[in-house]
Amino acid sequence: MQIIIENLVQNAVRYTEQGGIKIRARNGVFEIKDSGCGFDFQHAKQQGVKAKNSSGFGIGLSLVERLCGVNGLSLAVDSSAEGSCIILKSG
């Protein structure tokens, strides 16, 4: 869980230049909302795909998706130019 949450929060911080980030955990649901630039999750979750100016290796979202599957978590991503909302649910 730590790797999943760290990756998602770091991405929200890294790609939110204006506005803010809201993090909420309640009743088995963990939610991160940001006002960042948004992204195409289907594209971004492919290994080796990096955002412009990224210093990472391009494996973060791919790793998050795999770890969610292994740990029985559902992962929902809604992203647009106005920001992103990522929801993790247990069970």
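## Exercises: finding your way around this fold

Leaving out neighbours within four places in sequence, Asn7 is in contact with Gly60, Leu61 and Val64. Keep in mind as you work that this is a predicted model.

**Exercise 1. Work out where Asn7 sits and whether it counts as buried or exposed.**

Step 1: Find the element. Asn7 is part of helix α1.

Step 2: Check the accessibility. Buried means under 20% relative accessible area. Asn7 comes in at 16%, so it counts as buried.

Step 3: Look across at α3. The buried residues of α3 are Gly60, Leu61, Ser62, Val64 and Cys68. Asn7 touches Gly60, Leu61 and Val64.

Step 4: Just after α3 you run into Gly72, which has a positive phi of about 70°.

**Exercise 2. Describe the largest nonpolar core and say which elements supply at least two residues each.**

Step 1: Start with the members. The core has 13 residues, and Ile4, Leu8, Ile32, Leu61, Val64, Cys68 and Leu88 are those that touch the most other members.

Step 2: At least two core residues come from each of α1 (2-14), β2 (29-34), α2 (41-44), α3 (60-70) and β4 (83-90). In soluble globular proteins, nonpolar side chains tend to be buried together.

Step 3: Zoom in on Ile32. Residues up to four places away in sequence aside, Ile32 touches Leu8, Val9, Ala12, Ile21, Lys22, Ile23, Ser84, Cys85 and Ile86.

**Exercise 3. Search for aromatic pairs and classify what turns up.**

Step 1: Count. The whole structure has one aromatic pair.

Step 2: Classify. The rings of Phe39 and Phe41 have centres 6.4 Å apart and planes at 70°, so this pair is edge-to-face. The cut-off used here is over 60 degrees.

Step 3: Compare the partners' accessibility. Phe39 is at 29%, so it counts as partly exposed. Phe41 is at 13%, so it counts as buried.

**Exercise 4. Say what stands out about the backbone at Asn27, and where this residue lies.**

Step 1: Most residues other than glycine have a negative phi.

Step 2: Read the angle. Asn27 isn't a glycine, yet its phi is positive, about 50°.

Step 3: Asn27 lies in the loop between β1 (21-26) and β2. Exposed means over 50% relative accessible area. Asn27 is at 75%, so it counts as exposed.

Terms used
Residues numbered from 1 in each chain as written. Predicted model: local features only at pLDDT ≥ 70, side-chain atom pairs only at ≥ 80, totals over all residues. Heavy atoms only, no water. Core = buried A, V, L, I, M, F, W, Y, C linked by side-chain atoms within 4.5 Å. Buried < 20%, exposed > 50% of the residue type's maximum accessible area, 1.4 Å probe, protein only. Helix = DSSP H or I, 4+ residues; strand = E, 2+ residues; numbered from the N terminus. Contact = heavy atoms within 4.5 Å. Phe/Tyr/Trp six-rings, centres within 6.5 Å; stacked < 30°, edge-to-face > 60°.
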